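Hi everyone, thanks for coming along.

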Amino acid sequence: NERSDTVFNFLKYPIDLVLMVVRWRLRYCLSLRNLSEMMLGRGFEFTHEAVRSWEERCAPLITQYLRRRRKGRVGKSWYVDETYIKVKGKWCDLYRVVDRSGRLVDCRLSEHRDMSAAKQFFKEALEMSGDAPDRVTTDKEVSYPRAIREKLGGDVLHRTNQYLNNLIEQDHRGIKRRYGPMKGFKSLESASRFCRAHDELRNYYKVGKRGEKISLKQQRVSYLKKSLDLTRHVRLSS
C-alpha cells in the first residue's frame with residue numbers, strides 16, 4: 001500500500017481486512033474495542049483508535065460507491081420521517097426517506113428541524129432519485145408541504161396520514177439499534193458520515209422485496225456475494 005496515492009496509503013494491514021472491520025463497525029452493534037479484541041484473536045493487533053481512523057477513511061468510499069450504484073433506482077412512492085440522534089449532548093434530526101418497497105431513497109442529518117433543512121433534504125433526495133415521486137407520505141411537520149411543493153413540484157401528491165407512514169417509522173429501528181450502544185457522537189461530521197454509511201450499507205444488504213420470504217441459504221449466498229463485490233469495487237474506486 002505504500003505510495004499508492006489512495007486513502008489506503010501506508011496501511012499496515014491488508015486492505016480487505018481493513019474494509020471488513022469498517023463494514024462490521026457500520027453494520028453490527030460492536031464498539032471500537034469489541035472489533036480490536038475480535039481481530040486480536042485472529043492474529044491482528046491494533047487499537048480501537050485504529051478502527052476509528054479506518055472508519056473515517058473508508059466509510060465515505062463505501063457510501064460513494066453504494067450511492068452511485070443505486071442512483072435513479074428508487075420507487076415513485078416516498079415515505080418521509082425524521083428521528084433523533086444525539087451529537088455532543090444535543091439532539092439533532094436525521095431525515096430519512098424510503099420507497100414503498102422499503103428501499104432507501106436518501107437520508108440527511110441536520111442540527112435543526114426547519115424549512116431550510118427540509119428543502120435541502122428533498123433537494124438531495126431528488127438528485128438521488130433523478131425524478132420526482134408520484135406521492136410523498138409524511139407526518140404533519142409544518143415545513144413539509146412548502147418544501148415538497150418547491151423542491152419536488154406541485155403535481156406531487158402529499159399525504160399526512162400517520163398510519164400510512166408506519167413504514168418509515170418502523171424502518172428507523174435499524175439506525176436506532178445501531179446508534180444506541182454508541183451513546184452519541186462527538187461531532188456532527190462524524191455522526192453524519194456514520195449515519196449515511198450505515199443506512200447505505202443496510203439498504204445494500206437487503207434481500208428481496210418487503211414481505212418476501214427468502215431462505216436462509218439464499219440470504220447467506222447473497223451476503224457473501226455482496227460483501228466480496230463491495231470490497232472489490234471500493235478498492236478499485238479508491
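Let's start with two helices. Helix α1, residues 15–27, packs against helix α3, residues 48–70, at an angle of about 85 degrees, and their axes are 9 Å apart. Before we go further, please keep in mind that this is a predicted model. In general, the angle between the axes and the distance between them are how two packed helices are described. Angles of 65 to 115 degrees count as roughly perpendicular, and α1 and α3 are therefore roughly perpendicular to each other.

Which residues in α1 and α3 meet? From α1 we have V18, L19, V21, V22, R25 and L26, and across from them in α3 are V51, W54, E55, C58, A59 and I62. By class, this contact of α1 with α3 has 10 nonpolar residues, two charged ones and no polar ones.

Now over to the sheet. Five strands form an open sheet in the order β3-β2-β1-β4-β5, and the pairing is mixed. At the edges stand β3 (104–110) and β5 (157–159); each has a single partner strand, so one side of each is left without a neighbour in the sheet. From one strand to the next, the twist averages 20 degrees.

Let's look at one pair within that sheet. Strand β1, residues 77–87, and strand β2, residues 90–99, pair in the antiparallel sense over 10 bridges.

Last stop: what lies across β1, β2 and β3? That is helix α8, residues 188–204, and α8 runs at about 165 degrees to β3.

Terms used. Residues are numbered from 1 along each chain as its sequence is written. This is a predicted model: local features need pLDDT of at least 70, side-chain atom pairs count only at pLDDT 80 or more; totals for chains, interfaces and linings use all residues. Side-chain values use heavy atoms; hydrogens and water are left out. Axes are lines fitted to C-alpha atoms, for helices over the stretch in contact, and angles run from 0 to 180 degrees between N-to-C directions. Helices (H or I, at least four residues) and strands (E, at least two) are DSSP runs, numbered from the N terminus. Angles under 35 degrees count as roughly parallel, over 145 as roughly antiparallel, 65 to 115 as roughly perpendicular and the rest as oblique. Contact means heavy atoms within 4.5 Å. Ala, Val, Leu, Ile, Met, Phe, Trp, Tyr, Cys and Pro count as nonpolar, Asp, Glu, Lys and Arg as charged, and the others, Gly among them, as polar. Two strands pair if DSSP finds at least two bridges between them.
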